[in-house]
Amino acid sequence: MATLTLRDLRKSYGSFEVIKGVDLAIADREFVVFVGPSGCGKSTLLRMIAGLEEITAGELDIDGKVVNRVGPADRGLAMVFQSYALYPHMTVRQNMGFALRLARVPKAERDRKVNEAARVLQLEPYLDRRPKDLSGGQRQRVAIGRAIVRQPKVFLFDEPLSNLDAALRGQMRMELLRLHEALKATMIYVTHDQIEAMTMADKIVVLQAGRVEQVGSPLDLYHHPANLFVAGFIGSPRMNMMPVTAAVVGDAAVTVGLVSGQQIAVPASGGATRPGDALTLGIRPEGLHIDPAGPILVTVSLVERLGGLTLLHVKAAGDQDLTVQIEGGDPTRAHEQIRLAIDPAACHLFDKAGQALPRPARHTLAA
Amino acid sequence: MRASPLQRLFAAALGWTVALVLFFPIFWMVLTSFKSEGDAIAPRLLFSPTFESYRDVFARADYVAFALNSVVISVGGTVLALLFAIPAAYSMAFHPTDRTRGTLLWMLSTKMLPPVGVLVPIYLLFRSAGLLDTRTGLVAIYALMNLPIVVWMLFTFYKEVPNEILEAGRMDGARTLTEVWFLLLPLTLPGVASTGLLSLILCWNEAFWSLNLTSAGAAPLTAFIASFSSPEGLFFAKLSAASTMAVAPILVFGWFSQRQLVQGLTFGAVK
């Protein structure tokens, strides 16, 4: 059992505030991912939970106990660092057993736990090597093994895969998920890689400039972004954003006019929006289709053929850059003129402050 | 970049010249110690070696007692300095504040003060505390004398240790003492060793405090040499024999630890 509660957590360096009041509840066995651009404070927040950074204000609860003044050694958490931070002068066995040795666990039990973790992580042949004689992937495993043997309440991961190559990263992602299932532990994972966030998280916390922008399941964030920042940050290629003007505002639909003059009725509740207000229309690249009868005339500037997918980078009226994602191959070439259709149900509307207008129907997969 | 043969020849010649110039006085001293007083006064390269001076020196003073004082005081001073410097350097390297840099520079600046400037106050303090002519007194003064250098050296070694390794230790349950003992010290052992070696050599060779604060009981080898220089200043052979015996232990010690010493002193400078 391990639940965490963050209440208005703040961190300042001098007069410079880097974490500006974070409220968050993390349930037992949840896999939570902190994601955001570099400098958003996600690593600082993780280090505050770990106890490596002092908490300036607010409260951090672990299992209902305030731990603000408890040192990292006594919080019962384990952390995997981006640089792995293995002890260079110790063998793999000593690295993994160090915490148990400090906790005065008898040698026999220590060995049993280390061997068990080594078996799970396929590190058995390397137990007597030193970190410098291991590959990057193996070091990564040792770092994870060091965390596992302690059977901590919560695992903290600080961008653990960013030093690995792409193939290994994909493999480790799967292994971490398997581990999460096997260990039934609470995990908090920091990354700037949204693929890691999308594939691993039960719950994603999107951070920007020390504030939480949105908390939700991966598909929740994908299909119901709360604001322009989350809409632009989650999803690759990025969501297309177009300036539009509200024409008819209703509770179930808002009709907006594009720069080119066409009107689209988007299922969204207008709220305080008035006709004539400037809004932003967001549409993901897969929400645009090539349609000879479509309302938007564009010029193709670049075609990226990924085999299973084709990405068209096009220019619309008003010098607007758009990206279109098409399943499979597509014969369209650069510099061609094509027409696009928009799926109104796939559109998002954002008001002037960047907040999303609520969509009446939840996406079936976004719980 | 690869040096041309001519450059290498030049560098080698320069190196040997410097080495010979530095070594010559020691060579001459050892040579003189085996001469008779007559040969020593009129410098002669060819002479018949004799142990006469050594015999005289041994007859006149208790070499072993002086040497033992030197060992105890040097080792004691070094251990005491390390005992204070390790925590000091740890806190400055890993928990720096705005004033850390200033503190370090201030510590170094104290080395620029001429020791004689504080001789009288220290002498009076020692007299009141009953520390005159005691090993304890010299251990304390040597530790204080070397502390700035020892802290500085340890600080630079500690700076090379990635903070994350210590943080990982903290996450693993290490407290400050266990962190220093199990992680920091093993990781910086070559550095700590060469710092200790340097401190040992500086203590061994120190003459100002040992001459002024000891008389007979706690006098180290520097006082032993001095005792030959004042009344018998003209007896070069005996003086040389005493000096040779005084520097021999540390010379041999330095010879065996020079690898460690060079490694430590150039640490961080060459990657």
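Colleague: Before we start, what counts as buried here?
Modeller: Buried means under 20% relative accessible area, exposed is over 50%, and partly exposed is in between, with a 1.4 Å probe and protein chains only. This is a predicted model, where local features need pLDDT of at least 70, side-chain atom pairs count only at pLDDT 80 or more, and totals for chains, interfaces and linings use all residues. Residues are numbered from 1 along each chain as its sequence is written, chains are lettered from A and ligands numbered from 1 in the order written, and side-chain values use heavy atoms, leaving out hydrogens and water.

Colleague: Is Thr78(B) buried or exposed?
Modeller: Thr78(B) has a relative accessible area of 5%, so it counts as buried.

Colleague: And where does Thr78(B) sit?
Modeller: In helix α4 of chain B, residues 63-94. Helices are DSSP runs of H or I with at least four residues, strands are runs of E with at least two, and both are numbered from the N terminus.

Colleague: Which residues does Thr78(B) touch?
Modeller: Leaving aside residues up to four places away in sequence, Thr78(B) touches Gly196(B), Ser199(B), Leu200(B) and Cys203(B). Contact means heavy atoms within 4.5 Å.

Colleague: What does the side chain of Thr78(B) make a polar contact with?
Modeller: The side chain of Ser199(B), at 2.9 Å. A polar contact is a pair of N or O atoms within 3.5 Å; within protein, one must be able to donate a hydrogen and the other to accept it, and residues adjacent in sequence count only if both atoms are side-chain atoms.

Colleague: Switching topic. How many aromatic pairs are there over all chains?
Modeller: The structure holds 17. One of them is Phe31(A) with Tyr189(A), a tilted pair at 5.8 Å centre to centre and 40° between the planes. Rings of Phe, Tyr and Trp (its six-membered ring) pair if their centres lie within 6.5 Å; planes under 30 degrees apart are stacked, over 60 edge-to-face, and the rest tilted.

Colleague: Which parts does that pair tie together?
Modeller: Phe31(A) is in strand β3 (residues 31-35) and Tyr189(A) in strand β8 (residues 186-191) of chain A, so the pair ties together parts 158 residues apart in sequence. Phe31(A) is buried at 1%, and Tyr189(A) is buried at 0%.

Colleague: What about Phe155(A) and Phe157(A)?
Modeller: They form a stacked pair, 6.2 Å centre to centre with 10° between the planes. Both are buried. Phe31(A), Phe155(A), Phe157(A) and Tyr189(A) form one aromatic cluster.
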